[in-house]
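Please read the numbered points alongside the model.

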Amino acid sequence: MNLIAPHRTSDVLPFAKTPAAPGFGVYVHWPFCAAKCPYCDFNSHVRRSPVDQPRYVAAFTRELKEAARRSKGELVTSIFFGGGTPSLMAPETVGAILDAIAANWAIAPDAEITLEANPSSVEASRFRGYRAAGVNRVSLGVQALNDPDLRRLGRLHDVAAALEAIRLAREIFPRLSFDLIYARPNQTVEAWEAELNQAIDLAADHLSLYQLTIEMGTPFFELHKAGKLKVPDGELSAELYEATQAITAARGLPAYEISNHAVPGAESRHNLTYWRYGYYAGVGPGAHGRLRGENGQRHAIANEPLPETWLKMVESWDSGATTDEALSLEEQADELLLMGLRLTEGIDLTRWRKLAGRDIDRASERDLAHHGMIERLGPDRIRATPAGMLVLDAVVADLA
């Protein structure tokens, strides 16, 4: 197995180059899962009877056509199948949706086409079909590299299945990412460091490393509220985060976003479209989008989350949108700040000023810089420091 070359640790965050244009993305939400994980608050649903995939393909096709009508002239640079569990889709379903996208937009020759997958053996066997359909990047929901924690997280696979899915994905797809959750119950810094190094040995060019968060409405929330689930406190969580940044940088996958790490050049193009505040179409139950309006305004669109209701809406009106709101320039400036400061490249203040109609609050900036929370990259670019990333919501609130 080819290990990633060592990388010299630096106190300077990576990815300080001038960023590329955000591009235009298409997000496809497949809302179905084989089981609901106890920590998950995503729009995902378990159905005991088989899903009528051809009927959903027809609905996706109709909603894609409507989204394309509202985004004429865009060049699709990335497509992302998220969920839910998109690897429950038949390869023919994925291919039909990709055909519908190609029928409505021009697609860049080097477009990134990602599909999220769970690493069960049944789903992994479909990988060759997804590749033939046009998928060129897979994102595996591994989440842990030990079986007790996988069971605790409610995952349906074990470590052996995860390792086989990683091996197969590396063989079939040009690009691979996989997710791990840390700050799990009873996890120590030493245990996480060992697991993270094992993950890097297995990784291709990208890792998504998320701290476990207790989300309202999930089984984990109720267990935590009742005192039956204990997760690392703030100080230990910070130590786990700092260890994550140090190890990934030393091993050649530095952070380019709070939770995402890549060999330079292998960052997720689709997610960069979000974080660089580009435009994107979102189709499927619960999907969100940001489309350019006829008068230049940015529209925030959100779809009906319940799959069956969304299906009937699209069959009747070609759209499952329950929200379609034109954002003010001030609202756009706030979103740009919130999204852009997640990136180690930071944000372009010239772009922010054009939206906000004013300069950044200089007193707040000086105070945050004095406390080591933010820094300038030249006269017109600002970013959060590693310390600022730990309290990013507060940093954004102060600047905004």
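1. Rings of Phe, Tyr and Trp (its six-membered ring) are paired if their centres lie within 6.5 Å; planes under 30 degrees apart are stacked, those over 60 edge-to-face, and the rest tilted. Ring pairs join W30, F32, Y56, F60 and W310 into a cluster.

2. The model is predicted: local features require pLDDT of at least 70 and side-chain atom pairs pLDDT 80 or more, while totals for chains, interfaces and linings use all residues. Residues are numbered from 1 along each chain as its sequence is written, and side-chain values use heavy atoms, without hydrogens or water.

3. The count of aromatic pairs comes to 13. F32 and Y56 form an edge-to-face pair, 5.4 Å centre to centre with 90 degrees between the planes. F32 lies in strand β2 (residues 32–33) and Y56 in helix α1 (residues 53–69), so this pair ties together parts 24 residues apart in sequence. Helices (H or I, at least four residues) and strands (E, at least two) are DSSP runs, numbered from the N terminus.

4. F32 is buried, at 4% relative accessible area, and Y56 is buried at 5%. Buried means under 20% relative accessible area, exposed over 50%, and partly exposed in between (1.4 Å probe, protein chains only).

5. Y182 and W192 form a stacked pair, 4.8 Å centre to centre with 15 degrees between the planes. Y182 belongs to strand β7 (residues 175–182) and W192 to helix α7 (residues 189–202), so the pair ties together parts 10 residues apart in sequence. Both Y182 and W192 are buried.

6. E242 is found in helix α9. E242 is partly exposed, with a relative accessible area of 47%.
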